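Thanks for coming, everyone. Please take a look at the model on the screen, and then we'll walk through it.

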Amino acid sequence: YTMYHYSPVLGKLLLANPVIYATEGIKHSFIPSGEFIHVCYCIGALVLFSGLCIGAAWHIFKKKVDHI
């Protein structure tokens, strides 16, 4: 939220970084205040990012192995 108050454009771009969700989720679990992203949103975003990375890795793996 600090980055969003500094620059709304940078705040929105920062949400594409999965590390932010990991750190914000940990912070919110220790200090449950309104300043941090809620843990449920963090878990959902991390599952989404993990699924995208696994899908991309599977696609690259299949592309490399298909010629055998």
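Which residues form a nonpolar patch on the surface? They are Met3, Tyr6, Val9, Leu10, Leu13 and Leu14, and together they have about 620 Å² of accessible area. Helix H1 (2-6) and helix H2 (8-14) are the elements that give two or more residues to that patch. H2 gives the most, with 4 residues.

Some ground rules. This is a predicted model, where local features need pLDDT of at least 70 and side-chain atom pairs count only at pLDDT 80 or more, while totals for chains, interfaces and linings use all residues. Residues are numbered from 1 along each chain as its sequence is written, and side-chain values use heavy atoms, with hydrogens and water left out.

Now the terms behind the patch. Patch residues have over 30% relative accessible area and no salt bridge; nonpolar side chains (Val, Leu, Ile, Met, Phe, Trp, Tyr) are joined within 5 Å, and like charges within 9 Å. A salt bridge puts a side-chain nitrogen of Lys or Arg within 4 Å of a carboxyl oxygen of Asp or Glu. Accessible areas come from the Shrake-Rupley method with a 1.4 Å probe; for residues, only the protein chains shown count as cover.

Take Leu10. This residue lies in helix H2. Leu10 is partly exposed, at a relative accessible area of 41%. The scale is simple: buried is under 20%, exposed is over 50%, and partly exposed is in between (1.4 Å probe, protein chains only).

Next, the whole chain. The protein chain has 4 helices and 0 strands. Helices are DSSP runs of H or I with at least four residues, strands are E runs of at least two, and both are numbered from the N terminus. The radius of gyration is 16 Å, whereas a compact globule of 68 residues would have one near 11 Å. That radius is taken over C-alpha atoms, and the globule rule is 2.2 Å times the number of residues to the power 0.38. The C-alpha atoms fill a box of roughly 55 × 25 × 10 Å along the principal axes. Buried residues are 16% of the 68.

Last, the cysteines. How many disulfides does a search of the whole structure find? It finds 0. A disulfide needs a pair of cysteine sulfur atoms within 2.5 Å. Cys42 is buried, at 3% relative accessible area. For Cys53, the closest cysteine sulfur is in Cys42, 17 Å away, also too far for a bond. Cys53 counts as exposed, at 54% relative accessibility.
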